[in-house]
Amino acid sequence: MQLLTIFIGFIIFGFSENIKGPAIPRIQFDFMISESKLGTLLSLNALGYLIACTFTAYLTKKWGIKWVTVAAFSSMAVSGILIYISHSYALFSASYFLMYIGNGMLEIGLAILSARIFVKNTGMMMNMTHGFYGLSSTVAPLIATGLMKVTIAGHLLDWRGMYLVMLLLSIIPIVIAMCSTFPGDEISLEDRISYKTLMKDRVLWLMVLVLTFGVVSELAVGGWLVNFLEKAYDWDSVTASGMLSTFFLCFSLARLFLGPLTDRIGFVISLVIFSGFSACCTFAAILGGEQVAFLFALSGTGIAMIYPTVMAFIAKRYPKGTDNAITFTVTLMGLGSVIGNYLIGGVTELAKRMVGEDSSTSLLRGLQAGYGFIGACAALCAITGLILYVYLYKRNEVI
């Protein structure tokens, strides 16, 4: 039941995070918002994610991981109902914000639970469970596109109904979690590593940078790839969503089959290799144009490995402080995500102005610059990972 909670939890998590790709152009049209305001919206929602990360560990100590998991899924289900009835931008923003609160709680909760359960072959098991996130992310854009066209009793679901249907799936893991028991809550507070001790560890700060750059690059694809392909290359919604699904197919297959490599070659060197590969694919896709657009999807193979490998590293390095270490790392990563989403929209708008709003290529160049920032984050992830490896190697602490 514990494994079922984790696996289905990651499936629902993948749905909630990545159905937004096909929906964003419609949301943008309905509320008449620019790319810059879209970036701001995604950043504010990432702020909700960040806020949830700050209090989830505290709630875990007070309530236990079981009830935190139930609360996370419940908030996601409620947000689906609110999104469905939102016909003003203010209510929609608040509803979307609540969904990210649930996502943040779920992120921390599933990470803590996984770290408590997977004490052997940690890298492989972390990547495998996160692979279920990739699998649901693979089909999420296609399911979202299909649901938005479904008509029930003469009423088109559109993007609001699609969010309602997908987020109400959270009821399934709620029932499973209610029937489960979870390990680790019996560890006394005295045995846990304090935040004060963790903040003095340079390794953890470097890992925060690695995770931040990697996750910004990963999550930004779900929000910007469909938008890029539709506006830069005039692709239709189905084709663009198919490319996003291909990205997540590469993403999930990498996690399912390449996870054992992280245990063999080491967690940190794995981070360098995989994030570097993702950066190369992204830059090549942008420079090569429409004919090599498949490289956008292939980049998912590399960036997929970052988050679960970081979680495996933390579980091994801080066995008695996993809860606090994960919360500290993911919270600061969430702050980076807020800034990252805002910068992507800002870079896009700035590049358009520099080329000239009246130019026929201004939108293309703006989108290329914005997506280039996503590739730059992957490159910075690799560079920071290399710095971390050198630091650990000098101290004979490489994991």
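A salt bridge is a side-chain nitrogen of Lys or Arg within 4 Å of a carboxyl oxygen of Asp or Glu. The model is predicted: local features need pLDDT of at least 70, side-chain atom pairs count only at pLDDT 80 or more, and totals for chains, interfaces and linings use all residues. Residues are numbered from 1 along each chain as its sequence is written, and side-chain values use heavy atoms, with hydrogens and water left out.

**Exercise 1.** State which residue forms a salt bridge with Glu 218, and where the two partners lie.

Solution. 
1. The partner of Glu 218 is Arg 255, with 3.8 Å between the closest N and O atoms.
2. Glu 218 belongs to helix H10 and Arg 255 to helix H11 (residues 237-265), so the bridge ties together parts 37 residues apart in sequence. Helices are DSSP runs (H or I, at least four residues), numbered from the N terminus.
3. Relative accessibility is 6% for Glu 218 and 1% for Arg 255. Buried means under 20% relative accessible area, exposed over 50%, and partly exposed in between (1.4 Å probe, protein chains only). Glu 218 is therefore buried, and Arg 255 is buried as well.

**Exercise 2.** Describe the salt bridge of Asp 201 and the network that contains this residue.

Solution. 
1. Asp 201 pairs with Arg 317, the closest N and O atoms being 3.4 Å apart.
2. Asp 201 sits in the loop between helix H9 (195-199) and helix H10 (202-232), while Arg 317 is in helix H15 (residues 306-317); the pair therefore connects parts 116 residues apart in sequence.
3. Asp 201 is buried at 15% relative accessible area, whereas Arg 317 is partly exposed at 23%.
4. Through salt bridges that share partners, Asp 201, Arg 317 and Glu 397 form one network.

Technical notes
Helices (H or I, at least four residues) and strands (E, at least two) are DSSP runs, numbered from the N terminus.
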